[in-house]
Amino acid sequence: MSNYIDKIKEAANRLLQDCRVDLVIGFRKGTVPMMNEPCIAKTPQEVQNLVWDSNCGINLANYLTNRKEKIAVIAKGCDSRNIVTHIIENKIKREQLVIIGVPCTGMIDKRKINAMFEGEIREVTEAENNITVRGNGFEKVLDKKELLQQNCALCIHRNPVIYDELISEKVAEQKDVDRYEDIREIESMSPEDKEKYFDELLAPCIRCYACRNACPLCYCPTCFVDESRPQWVGKSQEPNDVKTFHFLRAYHCAGRCTDCGACERSCPVGINMRLLTKKLEKDCFDLFGWEAGMSLEVRPPLDTYKPSDPNDFIK
Amino acid sequence: MELMGMEHGRLQFSWVSSAESTKFVEVVKAVTAAIKTLGPNTNFAKINAEVA
């Protein structure tokens, strides 16, 4: 996947030179290993900063909201689905975009790798399916498959769903993936155990709102947690306030979340809040057969009415 | 909601027309009875600091 970058740079330069776009949104190398950061390139010099490897897990659709320029955006499978959602929700026009599609083989989980080594990791490089981790006094070659973020390991839409250019041949989609094993496990718990489970899951949360800021769906001009008139939710670290924030944020993503994993990736304390959005994703699929961001033609289930909509829950 | 630890039956939905007053009364009675058997909600209940 790291060999895509030459083609990405070539496409970015060409689009900028032909004035088809004003800017290109991609990734550049971060200041620490495994932390590539989103960047905007407007000139050929800036294009040279672009990188592509298995550390580009942040969702670039997040940077398109309400933009007025003509934009080229580099899109993995999940990014492209969120771009579709953005277009459906009128946050950007399709005509403004040139989508550089990147078939993805998954992003690596920096927490997994950090947990494997004692000392500080200085450098992480990759060849086709291997990741080489170097630090002070150690060097180890690892299999990339073992290091994927959980959402990437369970991903069934690795190829972009919309694109104007494709950087390489499409990759094979994963088949027979059991996406919801963890959710079923929680569903089978008793109410008390569920309560306890989420209490413990969310206990480390410091309410920095990084998950919200990294999420391409969270584009409200004023988020409900920031409002003070009326104040919907307490702003303290009190466990119920923390839970309310996470549960409500998840609800706002119902039928829209593509499980891109940007929230979990950006969390400084490593909370897997995807469990909440994934439950809603599972319900949407079970009840409406809906997967978010797959088509520009179909309206999402939560903004359409069909006589066949399930309503057994109403007595 | 049930995934978060809300007991089954604490959250209920009904369609009641503004003209269906008898149905409304029935629904309210049924819901009240159901919730009373469940007892007070402890999940999501904020515990206020005790003041001496």
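User: In this predicted model, is A:D79 buried or exposed?

Analyst: Relative accessible area decides the matter, and a residue counts as buried when the value is under 20%. A:D79 has a relative accessible area of 0%, so this residue is buried.

User: Where does A:D79 lie, and which residues does A:D79 touch?

Analyst: A:D79 belongs to helix α3 of chain A. Leaving aside residues up to four places away in sequence, A:D79 touches A:I58, A:N59, A:L60, A:A61 and A:I74. For a sense of distance along the chain, consider A:L166, which is 87 residues apart from A:D79, with 14 Å between the two C-alpha atoms.

User: How many residues of α3(A) are buried, and which elements do they pack against?

Analyst: The helix is mostly covered, with 12 of its 12 residues buried. Among them are A:G77, A:R81, A:H86 and A:I88. The buried residues pack against two strands of chain A, β4 (71-75) and β5 (97-101).

User: Why is β4(A) described as largely enclosed?

Analyst: One counts the buried residues of the strand. Five of the five residues of β4(A) are buried, so the rest of the structure largely encloses this strand. The side a residue points to can also be read: A:I71, A:V73 and A:A75 point one way, whereas A:A72 and A:I74 point the other way, and all are buried.

User: Which strands are joined to β4(A) by bridges?

Analyst: Strand β1 (residues 23-28) of chain A is joined to β4(A) by three bridges, and the two run parallel. Here A:L23 has A:I71 as its bridge partner. Five bridges join β4(A) to β5(A), and these strands also run parallel. In that pairing, A:A75 stands opposite A:G101 of β5(A). Between the two strands the chain passes through α3(A), and this β-α-β crossover is right-handed.

User: Is A:T277 buried or exposed, and what does A:T277 touch?

Analyst: The same cut-off of under 20% applies. A:T277 has 4% relative accessibility and therefore counts as buried. A:T277 is placed in helix α11 (residues 274-288) of chain A. Not counting residues up to four places away in sequence, A:T277 touches A:A250, A:C253 and A:C257. The C-alpha atoms of A:T277 and A:D259 are separated by 7.5 Å, and these residues are 18 residues apart along the chain.

User: What does the span check give for α11(A), and which elements surround its buried residues?

Analyst: At 1.5 Å a residue, the 15 residues of α11(A) should span 21 Å, and the end C-alpha atoms are 20 Å apart, which agrees. The buried residues of α11(A) include A:R274, A:L276, A:L280 and A:C284. They pack against α5 (150-153), α6 (181-187), α7 (191-202), α9 (239-252) and α10 (262-266) of chain A. After the helix comes A:G289, with a positive phi near 60 degrees.

User: Why are A:K282 and A:D286 separated by about one helical turn?

Analyst: An α-helix has 3.6 residues a turn, so residues three or four places apart point the same way. A:K282 and A:D286 are four residues apart in helix α11 of chain A, which means a separation of about one helical turn. Their side chains form a salt bridge of 3.8 Å, N to O. A:K282 is buried at 10% relative accessibility, whereas A:D286 is exposed at 51%. Salt bridges that share partners also join A:R179, A:D259, A:E264, A:R274 and A:E281 into one network.

User: How many salt bridges does the whole structure hold, and how many are between chain A and chain B?

Analyst: Over all chains there are 24 salt bridges. One of the pairs is A:E37 with A:R28, whose closest N and O atoms are 2.7 Å apart. A:E37 is partly exposed at 28%, and A:R28 is partly exposed at 36%. Between chain A and chain B the count is zero. About 1600 Å² is buried between them, with carbon and sulfur atoms giving 61%.

Terms used
Residues are numbered from 1 along each chain as its sequence is written. Chains are lettered from A and ligands numbered from 1 in the order in which they are written. This is a predicted model: local features need pLDDT of at least 70, side-chain atom pairs count only at pLDDT 80 or more; totals for chains, interfaces and linings use all residues. Side-chain values use heavy atoms; hydrogens and water are left out. Buried means under 20% relative accessible area, exposed over 50%, partly exposed in between (1.4 Å probe, protein chains only). Contact means heavy atoms within 4.5 Å. Two strands pair if DSSP finds at least two bridges between them. A crossover is right-handed if, with the strands pointing away from the viewer, the path from the first strand over the helix to the second runs clockwise. Buried area is the accessible area (1.4 Å probe) that two parts lose on being put together, summed over both. A salt bridge is a side-chain nitrogen of Lys or Arg within 4 Å of a carboxyl oxygen of Asp or Glu. The expected span of a helix is 1.5 Å times one less than its number of residues.
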